[in-house]
Amino acid sequence: KEETEGVSQPQAVGENIKMNLAECLVFLLIAPIEASPTFSVALNRRKNKKGEMPKPGTRMLREPYTPLINYQDVQYYGPIGIGLPQQELYVVFDTGSSDLWVTGVGCEPCSGTRRFNILASTSAITNCSGCGVDRTLDNYGSGWVKGYTFQDRVTFGDVVTNEHITIGYVSSQAHAQQGFQDEGIIGLGFEALAEYSIPMSSSVIVSQAGVANMYAFYLTSDGSNGSILTFGGYDEGLLNNASISYTAVETTPFSSGNAYGYWTVSMSEFSLGHTFSGSGLLTIVDSGTSLIIIPYTYLQKIIDDLITNDAAEYCQYSSTLLICPGATDLDGFPDLTIRFPKYGYPGNDTVLTLTARQYFVTYYTRGIKNYQLGC
């Protein structure tokens, strides 16, 4: 970020803008299959100053419990094992990608603190087809990771893959990636997104565990404990008597034709001052980001409407950026609503509502509180 006259001016990235999603939420990612057992992992905060791990939240167990870390509501990540003997690294479980990579020895500066030592793994294979060639492994909204691929066994809980998985060995990262807490990413998207991890590690793990093709995330906010990732089902005890509605996953175009890639769903309507609706309004459910990302053209119309609100009297703005002082009454801004068509109930929608306190980003410049929407 660059500072201009005490106001933080974020740089524009790509063709999209981002809004905050500070919301405790549950979402299910499902591929139909017959009922099977389930196992869960809990998502918790980092150890406190005394080195004590907070108590885990509610969970369903069919496999050993594996604690994960909630880092400031921005990343939810936890341990997997690579190689023999097993080396533990903490990775993001990302529905917005499909490859598996970890930071290797010599990757400095890089995200996290642990590094995978390929020379210490007796099960690592480096002479496989396409392995050992330095290249850009993956590109994300936050930047690239570079290195080469190798094959090895992956451990999640008590599940050790019978087959070797193609894994990215990262030797360098884009600057924006280096500030993250994780030491890798395990993709939970569909195979069409995979650049090299085919078969996908997550698919092999789920198959060997004997659970259904379902991932369920329960994500808490405000750094609180109890977030859970469940494989093969969901924990009904976390629903607080709420009902579940389903939205169909859509295929999207790839070079080989339409396929399932991202967890893409349709929206009936997206509204924040200005309302967007109609066919072809698609969105991606991505556990790897804590932000809502929309096109600039949408944001421009939203800003045009919001600046006419009395609550925006002392706010500064451009066509794609709204910055308001900390004294602003955010309750004076409209709610953000997203409507998803309910699967099996034509004409009925599931409605997600966020208040301005949830969709504005709070930040401080020289100790002065501000709220930001857009960039």
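Thr337 counts as buried because its relative accessibility is 18%, where buried means under 20% relative accessible area, exposed means over 50%, and partly exposed lies in between (1.4 Å probe, protein chains only). The model in which this residue is seen is predicted: local features need pLDDT of at least 70, side-chain atom pairs count only at pLDDT 80 or more, and totals for chains, interfaces and linings use all residues. Residues are numbered from 1 along each chain as its sequence is written, and side-chain values use heavy atoms, with hydrogens and water left out.

Thr337 belongs to strand E26, which covers residues 336–341. Helices (H or I, at least four residues) and strands (E, at least two) are DSSP runs, numbered from the N terminus. When residues up to four places away in sequence are not counted, Thr337 touches Glu269, Phe270, Ser271, Val351, Leu352 and Thr353; contact here means heavy atoms within 4.5 Å.

The surroundings of E26 can now be described. An open sheet of 4 strands has the order E21-E20-E26-E27, and its pairing is antiparallel; two strands pair if DSSP finds at least two bridges between them. At the edges stand strand E21 (274–277) and strand E27 (349–354), each of which pairs on one side only. From one strand to the next, the twist averages 10°. Strand E20 (residues 269–272) runs antiparallel to E26 and is joined to it by 3 bridges. Phe270 has Ile338 as its bridge partner in E26. Helix H3 (residues 296–306) packs on the sheet, where it touches E20 and E21, and its direction makes about 150° with that of E21. For such angles, axes are lines fitted to C-alpha atoms, for helices over the stretch in contact, and the angles run from 0 to 180 degrees between N-to-C directions.

Strands E20 and E26 are also connected through side chains. Glu269 and Arg339 meet in a salt bridge, with 3.8 Å from N to O; a salt bridge is a side-chain nitrogen of Lys or Arg within 4 Å of a carboxyl oxygen of Asp or Glu. This pair links distant parts of the chain, with Glu269 in strand E20 and Arg339 in strand E26, 70 residues apart. Glu269 is partly exposed because its relative accessibility is 23%, and Arg339 is likewise partly exposed, at 30%.

The structure holds 4 salt bridges. One of them joins Arg115 to Glu108, the closest N and O atoms being 3.1 Å apart. Arg115 counts as buried at 16% relative accessibility, whereas Glu108 counts as exposed at 57%. Arg114 and Glu183 form another such pair, at 3.2 Å from N to O. The two residues lie 69 residues apart: Arg114 is in the loop between strand E9 (100–103) and strand E10 (135–140), and Glu183 is in the loop between helix H1 (175–178) and strand E15 (184–187). Arg114 is partly exposed, with a relative accessible area of 33%, while Glu183 is buried, at 1%.

The chain also carries covalent links. A search of the whole structure finds 3 disulfides, a disulfide being a pair of cysteine sulfur atoms within 2.5 Å. With bonded cysteines counted along the chain, the pattern is 1-2, 3-4, 5-6. Cys107 and Cys110 are bonded, with sulfur atoms 1.7 Å apart, and their link is left-handed, with -55° about the S-S bond. Cys128 is joined to Cys131 with 1.8 Å from S to S; this link is left-handed as well, with -90° about the S-S bond, and both cysteines are buried. Cys315 is bonded to Cys324 at 2.1 Å from S to S. The torsion about the S-S bond of Cys315 and Cys324 is about 110°, so this disulfide is right-handed.
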